[in-house]
Amino acid sequence: MLRLNSAFVLCALAGLGSALNVIGPSGDLHVVNAELAPDGTSRSTVVVNGQFPGPVIRGVKGDRFSLNVIDELHDDTMLQSTSIHWHGLFQHGTNYADGPSFVTQCPIARNHSFLYDFEVPDQAGSFWYHSHLSVQYCDGLRGALVVYDGEDGVNDPHRALYDVDDETTIITLADCPPQSLRSSMCPLETYRFRIISISCDPNFIFSIDGHNLTLIETDGENITPITVNAVDVFAGQRYSAVLEATQPVGNYWVRAQPNINQFTDFANGVNSAILRYEGAEMAEPTTSSPPDLVPVSEAALHPLEAPGAPGRPFPGGADVVLNMEVGFDPVTQLFSINNNSFFPPTVPVLLQILRLLPTGSVFGLPLNRSVEINLFGGSAPGSPHPFHLHGHTFDVVKTWDSDTFNFVDPVRRDVTPVFAGNLTTLRFNTDNPGPWFLHCHIDFHLDAGHAEDVPDVQFTENVPESWKELCPIYDRVPDDQL
């Protein structure tokens, strides 16, 4: 048996025995205020079903998800409305269920509910869910969402590489509290750990002393297996890593080193968890990181299926090319793209067909075309900026850690970092009509205007009556209850 005892940033290994809460693909999500201690000091939080992180939502490829979000918030020192984004799910034909407030919906007012009803016909992998209203998810509304490729992953092309893959092998990383977390594992077996960053800001270098990790998935996309001893995990990113329990029986440190915080080392068990083999004594490990610990380069990751970026194989070879530079105004404290800050409209873009966003914040894209986005890091503070595109995955043809363009088999994912003074280049096809958000996943930057809406010219969906009622209800909410 292997046991994990966490500290500080290893916020949730879903495997808490009787405390484990798993729902899906249908269920109720009660959004409530709860007195918890996410930073070691008791405070009011915004959480699902009274817990942080929220319950694991699970389903199987092809499932219909029916998730009823019930707003029971009451703390008038915090936002009392909400909305939820299902991070990484394409929402083909159900753009209205994507979740970002004022882009695809009005927020859910307190004492009201909204049923997010959508299908996941062609995706499997590691995803997550979180509030998408202002910076509310930083107050706790976040959790893991896993879609298996058939029951017990029977259709997963990597299924032969691991023995166990369930809610007990989900690890979430966040800026959050010390906890005691446990999972069970038998020596000589192999386990698929789903490493999900639900972070509000920091990124992490994740490693396990004495063990290599074989990466098989990035952000819901299968990749060619690659064995590493560490991996950088940025806010919003997900990795699946196969671990073989073949080391001598003992205790081993699990490490997640953040790039920011006053605690960036591992003193006194901070930023750490314990990997304990069955038969090992109940003691802290004496292991150390190997001297050759090097996070894998993003440029070394390659998709398993249908590799190759859309468009022609050279820079600028897409049907549409957009250049975007990250900026920051020290006077207004606003982030920007091409000197335009994002201000959420009062009526959702989906409802207004893209008319209300300020000039420069909307890029209208033709349907079924290849798009290249060159993201220049500029000199804006807070680097790196992990950019996320809703409704799509993209091919990172020029990663943050390489000067070489790759159009043959670049990594495919939905979050990638942009570093100050550097260039990251993305390619994707406009094959999913609707208004879609492109933004930095450090929510303080998004809320300050570091965002873009990426709409297709047309969309084909029928919104439910309950969606149409969200804005009239929200518009009647008094200011002190928003």
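Before the strands, a term: I call two strands paired if DSSP finds at least two bridges between them. Strands themselves are DSSP runs of E with at least two residues, numbered from the N terminus.

Housekeeping next. The model is predicted, so I note that local features need pLDDT of at least 70 and side-chain atom pairs count only at pLDDT 80 or more, while totals for chains, interfaces and linings use all residues. Residues are numbered from 1 along each chain as its sequence is written, and side-chain values use heavy atoms, with hydrogens and water left out.

**Entry 1: strand β8.** Four bridges join β8 to β10 (residues 125-131), and the two run antiparallel. His-85 has His-130 of β10 as its bridge partner. Buried here means under 20% relative accessible area, exposed means over 50%, and partly exposed lies in between (1.4 Å probe, protein chains only).

**Entry 2: Arg-194.** I found Arg-194 in strand β13 (residues 190-197). Is Arg-194 buried or exposed? Arg-194 counts as buried because its relative accessibility is 2%. Its side chain makes a polar contact with the side chain of Ser-126 at 2.8 Å. A polar contact is a pair of N or O atoms within 3.5 Å; within protein, one must be able to donate a hydrogen and the other to accept it, and residues adjacent in sequence count only if both atoms are side-chain atoms. Leaving aside neighbours within four places in sequence, I listed the contacts of Arg-194 (heavy atoms within 4.5 Å); among them are Asp-165, Glu-217 and Tyr-239.

**Entry 3: Leu-293.** Leu-293 sits in the loop between β20 (272-276) and β21 (320-329). Leu-293 is partly exposed, at a relative accessible area of 28%. Beyond its neighbours within four places in sequence, Leu-293 is in contact with Ser-207, Asn-229 and Ala-230. I also noted that the C-alpha atoms of Leu-293 and Ile-205 are separated by 9.8 Å, although the two are 88 residues apart along the chain.

**Entry 4: lining of a pocket.** Which strand gives the most to the lining of the second largest pocket? I found β28, with three residues.
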